[in-house]
Amino acid sequence: MRDLTKGNEIKQIIYFAIPMLLGNLLQTLYNTVDSIWVGKGVGEKGLAAVTVSFPILFMLISLIMGVTMGSSIIISQYFGAKDYENVKKSINTTLYFLLISSVIVTILGVIVSKPVLILINTPASILNDSNKYLIIMFLGMVFMFGYNGVAAILRGMGDSKTPLYFLMIATVINIILDPIFIFVFKLGVVGAAVATVIAQAVSFIFSVNYINKKHELFKIKLDSIKSDREILKKIIKIGIPMGVQQTLVSLAMVFLNSIINVFGVDAMAAFGAAGRIDSFMSMPIMSLSAAVSSFTGQNLGANKKDRVVRGFRGTLLIGVLLSIIIASLAIIFAKPLISVFNSKKEVVAFGVDYLKIVGMFYFTFAFMFIVSGVIRGSGDTMVPMITSLIALWGIRVPLAKYLSSSIGINGVWWSIGIGWVVGSTLNYIYYRTGRWEKKVVVKKS
């Protein structure tokens with residue numbers, strides 16, 4: 001566990017962010033391995049099936065995962081205030097919430113997956129594979145929620161390294177099982193989903209075992225997993241806006257998919273391939289955002305606002321410069337990157353356009369997420385939710401619909417970048433008001 005209230009601010013944030021970055025890269029890697037194996041083994045239809053399924057999966061779990069992020073903020077503030085009794089209560093409350101939620105989301109997901117796929121214009125040729133992929137992923141929801149919950153708990157206490165090790169195990173398992181289930185057992189898209197669920201289950205079991213062996217004070221026991229009403233209120237107060245924001249993001253992706261689906265399977269496959277590359281590109285920024293959020297939570301909990309400001313400024317500079325470098329590389333090597341997933345000429349052309357257009361806006365993406373990381377770390381999650389609502393539903397979705405009808409599918413790519421410009425501007429305006437500093441939930445007495 002790392003105390004983020006002492007030492008050089010930038011070093012603390014970077015040291016905390018690096019394991020998270022590696023973890024996020026691994027998380028994206030084993031999702032990407034699914035896409036590569038499916039794209040090569042099943043073809044563009046298989047890749048399109050996985051692509052169209054992911055936003056629906058994310059839409060149904062995003063609200064709960066947002067609440068999980070809220071619990072991480074609460075834990076970080078209690079930990080920064082040295083209130084270990086409430087850290088323990090927060091852990092048990094988080095796990096109780098996730099256990100109940102996983103059952104609800106599983107049932108809901110199995111029921112609505114096919115109707116939603118039909119609603120968003122999923123081509124008939126990939127409908128059945130998409131539905132099967134979603135159902136298997138939903139059946140493994142308890143493992144996904146469980147692992148992410150334990151990872152959020154550890155990060156709230158300043159430990160970003162340990163979740164990385166469990167993710168390494170999951171990634172290796174997934175890489176081994178994917179070709180076995182897809183090619184040997186000839187399960188295709190279904191095999192990719194089964195491999196992912198097994199990998200998540202193993203990762204969850206290892207993470208629980210680790211806490212029980214290494215952190216006696218915070219040991220997880222089934223009979224002690226219960227909800228504390230006051231802490232649950234705090235978690236929900238912070239987490240629900242974050243969850244709503246995640247839901248809005250995923251719902252916007254579903255709408256974008258419905259627009260892209262009209263352009264055919266090749267466009268869908270290209271969006272899937274470019275989206276996986278996009279995920280890798282965004283990981284350093286997302287990791288910095290999460291690190292500065294935990295850093296902000298601990299330091300505001302310890303009444304050290306000056307460290308928050310210094311940490312934010314340094315992280316913002318690093319994030320923007322890093323995003324420019326990453327985007328430049330993606331634009332230069334766009335064609336070979338897309339070809340890794342599928343070499344069909346039409347798929348590659350669509351994917352290259354995505355990377356070139358969206359890549360130009362990556363510095364605004366970095367700006368937006370790092371600013372929002374500081375704001376969320378204070379416990380103020382309502383404003384980032386509102387700015388996301390405006391950027392996504394006021395700008396990106398209607399602009400994608402309008403531009404796609406006038407200039408084609410590239411209009412969707414332009415709408416993504418323009419939405420980031422609006423979101424980053426709104427977040428920074430609010431940061432400058434300083435109101436977020438007064439939203440901290442837990443303070444050291």
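This is a predicted model: local features need pLDDT of at least 70, side-chain atom pairs count only at pLDDT 80 or more; totals for chains, interfaces and linings use all residues.

Reader: Salt bridges to start. How many salt bridges are there?
Author: The count comes to three.

Reader: Which residue does Lys 344 pair with?
Author: Asp 266. The closest N and O atoms are 3.1 Å apart.

Reader: And where do Lys 344 and Asp 266 lie?
Author: Lys 344 is in the loop between helix H11 (334–339) and helix H12 (345–359), and Asp 266 is in helix H9 (residues 265–301). The pair therefore ties together parts that are 78 residues apart in sequence.

Reader: Is Asp 266 buried or exposed?
Author: Buried. Its relative accessible area is 17%, and the cut-off for buried is under 20%. Lys 344 is partly exposed, at 32%.

Reader: What about Glu 230?
Author: Its side chain meets that of Lys 233 in a salt bridge, at 3.7 Å, N to O. Both lie in helix H8 (residues 229–261), three residues apart, which is about one turn of the helix.

Reader: And Arg 310?
Author: Arg 310 bridges to Asp 306 at 3.5 Å, N to O. These two lie four residues apart in helix H10 (residues 305–332). Arg 310 is partly exposed at 41%, and Asp 306 is partly exposed at 47%.

Reader: Switching to rings. How many aromatic pairs?
Author: The count is 16 aromatic pairs. One of them is Phe 166 with Tyr 210: the ring centres are 5.7 Å apart and the planes sit at 65°, so the pair is edge-to-face.

Reader: Which helices hold Phe 166 and Tyr 210?
Author: Phe 166 is in helix H6 (residues 162–184) and Tyr 210 in helix H7 (residues 189–214), so the pair links parts 44 residues apart in sequence. Phe 166 is buried at 7%, while Tyr 210 is partly exposed at 21%.

Reader: Which residues form the aromatic cluster?
Author: Phe 312, Phe 367, Tyr 428, Tyr 431 and Trp 436.

Reader: Now Ser 404. What lies 3.1 Å from its side chain?
Author: The backbone oxygen of Lys 401, counted to a polar atom of the Ser 404 side chain. Ser 404 is in helix H14 (residues 382–407) and is buried, at 10%. Residues it touches include Ile 259, Phe 263 and Val 412.

Reader: Last one. Which residues form the nonpolar surface patch?
Author: Tyr 96, Leu 99, Ile 100, Ile 104 and Val 142, with about 420 Å² of accessible area together. Helix H3 (residues 84–119) gives the most, with four residues. Ile 100 lies in helix H3 and is partly exposed, at 43%.

Note on methods. Residues are numbered from 1 along each chain as its sequence is written. Side-chain values use heavy atoms; hydrogens and water are left out. Patches are made of residues with over 30% relative accessible area and no salt bridge: like charges are joined within 9 Å, nonpolar side chains (Val, Leu, Ile, Met, Phe, Trp, Tyr) within 5 Å. Accessible areas come from the Shrake-Rupley method with a 1.4 Å probe; for residues, only the protein chains shown count as cover. A salt bridge is a side-chain nitrogen of Lys or Arg within 4 Å of a carboxyl oxygen of Asp or Glu. Buried means under 20% relative accessible area, exposed over 50%, partly exposed in between (1.4 Å probe, protein chains only). A polar contact is a pair of N or O atoms within 3.5 Å; within protein, one must be able to donate a hydrogen and the other to accept it, and residues adjacent in sequence count only if both atoms are side-chain atoms. Contact means heavy atoms within 4.5 Å. Rings of Phe, Tyr and Trp (its six-membered ring) pair if their centres lie within 6.5 Å; planes under 30 degrees apart count as stacked, over 60 as edge-to-face and the rest as tilted. Lists of a residue's contacts leave out its neighbours within four places in sequence.
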